[in-house]
Amino acid sequence: MIWYPYQQMKTMRQPYKILDAQGVYLYTQDQKLIDSVSSWWSVIHGYKHPVLTRAITEQARRFSHVMLGGLTHEPAQLLSDKLAQWLPGDLDYCFFSDSGSVAVEVALKMALQYYMNQGERRRTKVLSLTHAYHGDTFKAMEVGDDEDYHFILEAYGEKRDVIHIPTRIDALEEAFAGYHEELNCLIVEPLLQGAGGMRMYDVSFLRRARELCDRYGVLLIFDEVATGFGRTGNRFVADLVLPDILVLGKALTGGYLGHAVTVAGHKVYGGFYGDDPEKALMHGPTFMGNALACSVALKSIQLFEEGDYLSRIRRIEEITRREMKGLAHPGIREVRIMGGCVCVEVKDGTLLQGYQQFAYERGVFSRPFLNYLYAMVPYVITEEELVKVLGVMKEFFAIRQP
Ligand SMILES: *Cc1c(COP(=O)(O)O)cnc(C)c1O
């Protein structure tokens with residue numbers, strides 16, 4: 001039987017069984033649901049897009065997968081060339097992996113080994129943000145700051161190699177002043193912290209981070225697994241502030257297959273390049289550069305470019321601001337909107353109990369967590385459909401008046 005994620009299996013509600021999916025819709029036996037979560041923020045072009053389905057089936061007729069150890073193939077070459085050309089600055093070197101968590105592990109390993117390769121053995125610490133989420137593998141959990149993972153702290157004691165700071169410039173400056181000799185990197189979800197509660201912060205924090213990283217020789221890692229491909233209203237936040245290492249996942253393949261990439265700039269790549277085999281990057285997921293995933297990712301990027309997605313996302317933001325304007329309820333702490341993300345944070349999470357079923361009955365799939373009710377819709381959503389998603393939220397609060 002299936003062991004479901006983040007669930008107490010004994011008390012879990014039966015998951016909705018999906019029989020078909022098309023565009024922004026999921027189909028169950030008795031309902032047609034707008035997916036307001038985009039399957040964990042990844043299905044930006046909607047389901048069963050003919051171009052994406054074709055990319056997969058055509059590649060499958062040649063081969064679905066060959067390993068990248070000692071072999072290479074056109075889909076991986078084309079995708080890495082495309083990313084090198086499409087991503088800002090000198091982010092040119094693409095290390096593929098099968099999931100965002102693994103790609104974060106690769107980024108952290110890269111940053112640490114970059115300094116080890118130069119004989120700098122003191123730079124073992126990582127600076128990261130409170131409320132950060134970087135994935136569920138162990139080092140990713142460590143740099144993350146999720147209360148659900150605090151059992152790790154209980155088991156292993158304080159994590160001395162990770163320093164967490166809030167998204168305030170004074171805290172950033174203080175951390176650099178205190179620890180700069182021991183830091184190998186600063187890792188952030190830029191502008192929008194997703195799983196930590198859709199928390200939004202200002203680009204000035206990232207600009208200052210870039211300056212301090214330059215001054216003290218610390219590598220800056222952007223985990224854009226969630227924010228990449230337009231979610232913040234920017235194509236990538238890396239377009240505004242250039243990191244040394246960029247991590248992409250989720251929407252990389254349009255959400256059609258699990259794949260991710262860690263992209264390094266010239267400086268980082270140069271720290272590994274040379275005649276010494278011990279300075280090579282020792283990592284190699286079995287399914288890295290999977291041919292189906294690379295083929296569909298290429299087409300997904302093409303759709304993103306040709307479909308003028310940044311204006312679509314601006315439109316989603318405008319409609320969202322307009323629709324959410326009047327929303328008021330004593331249980332609401334804050335409504336946050338950025339690009340293709342809206343989050344209603346409530347003071348007490350029990351207020352959101354029953355929301356999922358309420359939305360289901362009205363034709364929307366939603367998955368609130370803790371104190372956060374949010375939507376991250378597929379960018380192909382129509383105005384009418386988006387108004388419906390937001391309307392169901394408003395209706396819920398209207399009938400939950402105290
Ligand atoms: C989802 C997510 C990850 C982990 O990606 P997986 O593919 O689930 O392993 C890492 N970082 C951020 C910011 C994410 O949102």
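Predicted model: local features only at pLDDT ≥ 70, side-chain atom pairs only at ≥ 80, totals over all residues.
**View 1. The shell around the ligand.** W41, S99, G100, S101, Y133, H134, G135, E189, D223, V225, A226 and K250 surround the ligand, each being near it in the sense that one of its heavy atoms lies within 4 Å. This shell divides into 4 nonpolar, 5 polar and 3 charged residues, where Ala, Val, Leu, Ile, Met, Phe, Trp, Tyr, Cys and Pro count as nonpolar, Asp, Glu, Lys and Arg as charged, and the others, Gly among them, as polar.

**View 2. Polar side chains at the ligand.** A nitrogen atom of the ligand lies 2.7 Å from a polar side-chain atom of D223, while an N or O atom in the side chain of K250 is 2.6 Å from an oxygen atom of the ligand. The protein buries 83% of the 380 Å² that the ligand exposes when taken alone (accessible areas from the Shrake-Rupley method with a 1.4 Å probe).

**View 3. Domain 1 against domain 2.** The domain assignment, which is automatic or from a database, gives domain 1 as 20-49 + 308-399 and domain 2 as 50-306. Their contact (heavy atoms within 4.5 Å) takes 28 residues from domain 1 and 32 residues from domain 2. About 2600 Å² is buried between the two domains, with carbon and sulfur atoms giving 64%; buried area is the accessible area (1.4 Å probe) that two parts lose on being put together, summed over both. W41, H49 and M338 supply 30% of the area that domain 1 buries against domain 2, more than any other three residues.

Notes
Residues numbered from 1 in each chain as written. Heavy atoms only, no water. Polar contact = N/O pair within 3.5 Å; in protein donor to acceptor, adjacent residues only side chain to side chain.
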